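Subject: Structure for you to look at

Dear colleague,

Here is the structure that I promised to pass on, with the sequence beside it. Please have a look at it before reading my notes, which follow below.

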Amino acid sequence: MLKKINHIGIAVKSIESGIVPYRALGLQPEGEEVVEEQKVKVVFLTVGESRIELLEPTSPDSPVAKFIEKKGEGIHHIAFQVDNIEEALKRAEAEGLKLIDKKPRAGAHGTRIAFLHPKSTGGVLMELCEESHG
Ligand code: CMX
């Protein structure tokens, strides 16, 4: 069901300052985008087959702003790529995991995403992510 890790999300107060250590390691940002529905600005950093997603809150009521307020900057979520997000959600729910999103919503770059609640997944916010097929 899970294909690979699509990305790891890192919460930063600002992309401009948060990106500094990644640049120092030789990574370059790509695909800056504001995801209105999630109240975040994101950039991606590609590392081999994997990606890091830096998340900057665009509003004080963004889930990422709340996370930073409570826990500080750092690893925010892990995103698993799936072929069929509706099926993956159905399975997760049947297995007793708590869905934050019962239906997929819009993620960056045309993806469809849904989150599983960290209270049901050992304290890790998990994202299911289906790449656009078009
Ligand atoms: N990882 C692990 N635990 C987390 C967490 C995270 N990212 N965010 C919140 N939590 C924990 C909190 O620490 C808190 O735990 P305690 O009760 O033990 O203190 C609990 O979850 C509830 O957190 P809260 O601060 O009361 O916040 P809410 O319940 O209002 O929201 C959550 C939590 C996970 C439901 C919400 O942040 C959410 O819906 N997240 C998914 C959406 C999202 O993060 N979008 C960002 C953009 C992502 C993208 O575009 O890629």
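The secondary structure of this predicted model comes to four helices and eight strands, where helices (H or I, at least four residues) and strands (E, at least two) are DSSP runs numbered from the N terminus. Along the sequence these elements follow the pattern β-α-α-β-β-β-α-β-α-β-β-β. The radius of gyration is 14 Å, close to the 14 Å that the globule rule gives for 134 residues, so the protein is as compact as a globular protein of that length; the radius is taken over C-alpha atoms, and the rule is 2.2 Å times the number of residues to the power 0.38. Taken along the principal axes, the box that the C-alpha atoms fill is roughly 45 × 35 × 25 Å.

A word on how to read what follows: residues are numbered from 1 along each chain as its sequence is written, and side-chain values use heavy atoms, with hydrogens and water left out. Because the model is predicted, local features need pLDDT of at least 70 and side-chain atom pairs count only at pLDDT 80 or more, while totals for chains, interfaces and linings use all residues.

Buried residues make up 42% of the 134 residues, where buried means under 20% relative accessible area, exposed over 50%, and partly exposed in between (1.4 Å probe, protein chains only). Among contacts (heavy atoms within 4.5 Å) between residues at least 6 apart in sequence, 54% join residues at least 24 apart.

The largest nonpolar core has eleven residues, namely Ile78, Phe80, Val82, Ile85, Ala88, Leu89, Ala92, Leu99, Ala114, Leu116 and Leu128; such a core is a set of buried Ala, Val, Leu, Ile, Met, Phe, Trp, Tyr and Cys residues joined through side-chain atoms within 4.5 Å. Strand S5 (74–82), helix H4 (85–94) and strand S7 (112–116) each supply at least two residues of this core, and the largest share, four residues, comes from H4.

Alanine 88, which lies in helix H4, is buried at 1% relative accessibility. Leaving out residues up to four places away in sequence, alanine 88 touches Met1, Val82 and Leu128. The C-alpha atoms of alanine 88 and leucine 128 are separated by 7.7 Å, although the two residues are 40 apart along the chain.

Most residues other than glycine have a negative phi. Lysine 39, in the loop between strand S2 (29–35) and strand S3 (40–47), has a positive phi near 55° and is partly exposed, with a relative accessible area of 31%. Histidine 109, in the loop between strand S6 (105–106) and S7, has a positive phi near 60° and is partly exposed at 36% relative accessibility.

Finally, arginine 105 lies in strand S6 and is partly exposed, with a relative accessible area of 21%. Beyond its neighbours within four places in sequence, arginine 105 is in contact with Glu37, Gln38, Ile100, Thr111, Arg112, Ile113 and Phe115. From arginine 105 to lysine 71, which is 34 residues apart from it in sequence, the C-alpha to C-alpha distance is 25 Å.

With best wishes
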